[in-house]
Amino acid sequence: MDHGDNKHLNNRDSPRAATKEQGAPPLAQQMSHVKQVIGVMSGKGGVGKSLVTALLAVALRRSGRAVGVLDADITGPSIPKMFGLDGRPEGSEMGLFPVTTETGIRVMSLNLLLDHPDDPVIWRGPLLSNTVKQLWEEVVWGDLDALVVDLPPGTSDVPLTVMQSLPVGGLIIVCSPQELAAMIVRKAIRMASMLNVRVLGLVENMTHLVCPHCGKRIDLFGSEQGPNAARAAGIPVLASIPVDPELSTLCDRGEIASYERNPFVGQAQMLERMWAEAARPG
Ligand SMILES: Nc1ncnc2c1ncn2[C@@H]1O[C@H](COP(=O)(O)OP(=O)(O)O)[C@@H](O)[C@H]1O
Ligand SMILES: [Mg+2]
Ligand SMILES: [Zn+2]
């Protein structure tokens, strides 16, 4: 991390740092108006949390909204790759500017700031949450309808501290049928209530296959654990995503925005309902 731009992540002697110590919000914050911050969480890694973050951002963008993605999964950042981004965020006196995808989604990830994006980042909770806080506070997000946050996996301390460093207004839980999904859903609900944040819905990933020959749906695990736990808590099931080889191909190629079976696209009603729910006071 010796690139010049990184001064925004640690230079305590900068004029902006001085402003901050006097209690004024950082300039980047003054230039950012984000209507909704939506966090995406999961019980563990590898269940498709980043994928769901990306698909949701794409759908919100296609519905005409101004959308950003904050990659808060510092230890496993995969958002830039899914969108095929490798440019450096530009820095200015105001802060760092997000990198924009082809369809106009504004992305910020620590990976975009690292010299070697493939190096693993092994940090502890407090350090992680500080970094995420900076990715929020010192980035010129501009006017956004929604900022979708890819949270670190798990339902314990790390995602909790990260969430506390961001004004998350609503949460989406991602689970897969192989997990103890019911437990994850319950833990996520408990965590959300501790933070006074609403759970907007559950997304189940890798639930089924679609036969390439006849198009028939093949259920893989036959488990309704996650959805049942969600429904019992009054949480809507937003989508069930099949195992689709095209999804992994597009993720690898950085072309996730062009996935044609995006389950959130064309779901105006679902997005509106989610929207209203996140905006509901109390
Ligand atoms: N429904 C799916 N069909 C095919 N591949 C998937 C699916 N969901 C996730 N993947 C692949 O699995 C990998 C892990 O997904 P990711 O969203 O990065 O998980 P997480 O963020 O929860 O760790 C990715 O490389 C992605 O391409
Ligand atoms: Mg991920
Ligand atoms: Zn078939």
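The crossing of helices H6 (residues 125-137) and H7 (residues 157-164) is right-handed in this predicted model. A crossing is called right-handed if the near helix is turned clockwise from the far one by less than a right angle, and left-handed if anticlockwise. Helices (H or I, at least four residues) and strands (E, at least two) are DSSP runs, numbered from the N terminus. Residues are numbered from 1 along each chain as its sequence is written, and chains are lettered from A and ligands numbered from 1 in the order in which they are written. Because the model is predicted, local features need pLDDT of at least 70 and side-chain atom pairs count only at pLDDT 80 or more, while totals for chains, interfaces and linings use all residues.

Two packed helices are described by the angle between their axes and the distance between the axes. For H6 and H7 the angle is about 35 degrees and the axes are 8 Å apart; axes are lines fitted to C-alpha atoms, for helices over the stretch in contact, and angles run from 0 to 180 degrees between N-to-C directions. On the H6 side the contact consists of Gly125, Pro126, Leu128, Ser129 and Val132, which meet Asp157, Val158, Thr161, Val162 and Gln164 of H7. The residues of this contact divide into five nonpolar, four polar and one charged. In this classification Ala, Val, Leu, Ile, Met, Phe, Trp, Tyr, Cys and Pro count as nonpolar, Asp, Glu, Lys and Arg as charged, and the others, Gly among them, as polar. Two residues are in contact if their C-beta atoms, placed from the backbone, lie within 7 Å.

The buried residues of H7 are Val158, Pro159, Val162 and Met163. A residue is buried if 20 or more other C-beta atoms lie within 10 Å of its own, exposed if 12 or fewer, and partly exposed in between. Seen down the axis of H7, these residues fall within an arc of 130 degrees, so they line one face of the helix; the arc is that of the directions from the helix axis to the C-beta atoms. Strand E1 (33-42) and H6 are among the elements that cover them.

The crossing of H8 and H9 is right-handed. Ala181, Ala182, Val185 and Arg186 of H8 meet Gln225, Gly226, Asn228, Ala229 and Ala230 of H9, and by class this contact has five nonpolar, three polar and one charged residues. Within H9, Gly226, Pro227, Ala229 and Ala230 are buried. Their directions from the axis of H9 fall within an arc of 165 degrees, so they line one face of the helix. They pack against H8 and the strands E8 (170-175), E9 (198-205) and E12 (237-241). Just after H9, Gly234 takes a positive phi of about 75 degrees.

The largest nonpolar core has 82 residues, of which Val148, Val149, Ile173, Val185 and Ala188 touch the most other members. Such a core is a set of buried Ala, Val, Leu, Ile, Met, Phe, Trp, Tyr and Cys residues joined through C-beta atoms within 7 Å. Helix H4 (residues 49-62) gives the most to this core, with nine residues. Apart from neighbours within four places in sequence, Val185 is in contact with Ile173, Cys175, Leu202, Gly226, Ala229 and Ala230.

Several loop residues were also examined. Leu85, in the loop between helix H5 (79-82) and strand E3 (91-92), is buried, with 21 other C-beta atoms within 10 Å. Beyond four places in sequence, Leu85 is in contact with Pro80, Val99, Thr101, Val107 and Leu112. Leu85 and Leu112 are 27 residues apart in sequence and 8.0 Å apart in space, C-alpha to C-alpha. Met31 is placed in the loop between helix H3 (27-30) and E1 and counts as partly exposed, with 14 C-beta neighbours inside 10 Å. Met31 touches Met94, Val140 and Gly142, not counting residues up to four places away in sequence.

Asn196, in the loop between H8 and E9, has a positive phi near 60 degrees and is exposed, with 8 other C-beta atoms within 10 Å. Phi of Met206 is also positive and near 60 degrees; Met206 lies in the loop between E9 and strand E10 (208-210) and is buried, with 21 C-beta neighbours inside 10 Å.
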